[in-house]
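Here are my notes on the charged pairs, as promised. Have the model open while you read.

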Amino acid sequence: LVDSDFIGAQAGFEGFIADNPDHALTAQAQYWLGETFYVRSDFTQAADAFIASLRLQPSGEKAPDALVRLAASLHGMGRTEDACSTLARFGRQFPNAAPASQARAARESVRANCR
């Protein structure tokens, strides 16, 4: 992923997830798998991976960012209303999110033209 080998990173994350479905890092692997799809504009697969990450660890370390990226993926699919409703949950779901995550949510809300 760091080397921009997104297909290789995808394969690595998919392998880790398949081999370790109950591992403590599987939710993070799902998040990063979503990133490999997102950067290649495969928003449907990205959304699926971000949803899987959120389901595995709804309050996990990557959960706030997974929610923002889910919204960005929905926006990328042309589902702006769904993206905005997803972002509207951010403050309630993650009131103590890191400032960087809060800023990402705010930027995505502006980008999607949410009201």
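The points below go through the salt bridges and their surroundings.

1. Some ground rules before the details. This is a predicted model, where local features need pLDDT of at least 70, side-chain atom pairs count only at pLDDT 80 or more, and totals for chains, interfaces and linings use all residues. Residues are numbered from 1 along each chain as its sequence is written, and side-chain values use heavy atoms, with hydrogens and water left out.

2. Searching the whole structure turns up five salt bridges (a side-chain nitrogen of Lys or Arg within 4 Å of a carboxyl oxygen of Asp or Glu).

3. Take Glu 35 and Arg 69, whose side chains form a salt bridge at 2.7 Å, N to O. Glu 35 sits in helix H2 (residues 26-38) and Arg 69 in helix H4 (residues 63-76), 34 residues apart; helices are DSSP runs of H or I, at least four residues, numbered from the N terminus. Glu 35 is buried at 8% relative accessibility, while Arg 69 is partly exposed at 22% (buried is under 20% relative accessible area, exposed over 50%, partly exposed in between, with a 1.4 Å probe and protein chains only).

4. Asp 65 and Arg 104 also pair up, at 3.0 Å, N to O. Asp 65 is in helix H4 and Arg 104 in helix H7 (residues 99-111), so this bridge ties together parts 39 residues apart in sequence. Asp 65 is buried at 8%, and Arg 104 is partly exposed at 32%. Lys 62 joins Asp 65 and Arg 104 in a network of salt bridges.

5. Within helix H7, Glu 108 and Arg 111 are three residues apart, about one helical turn, and their side chains form a salt bridge at 3.0 Å, N to O. Glu 108 is buried at 7%; Arg 111 is partly exposed at 45%.

Note on methods: Helix = DSSP H or I, 4+ residues; strand = E, 2+ residues; numbered from the N terminus.
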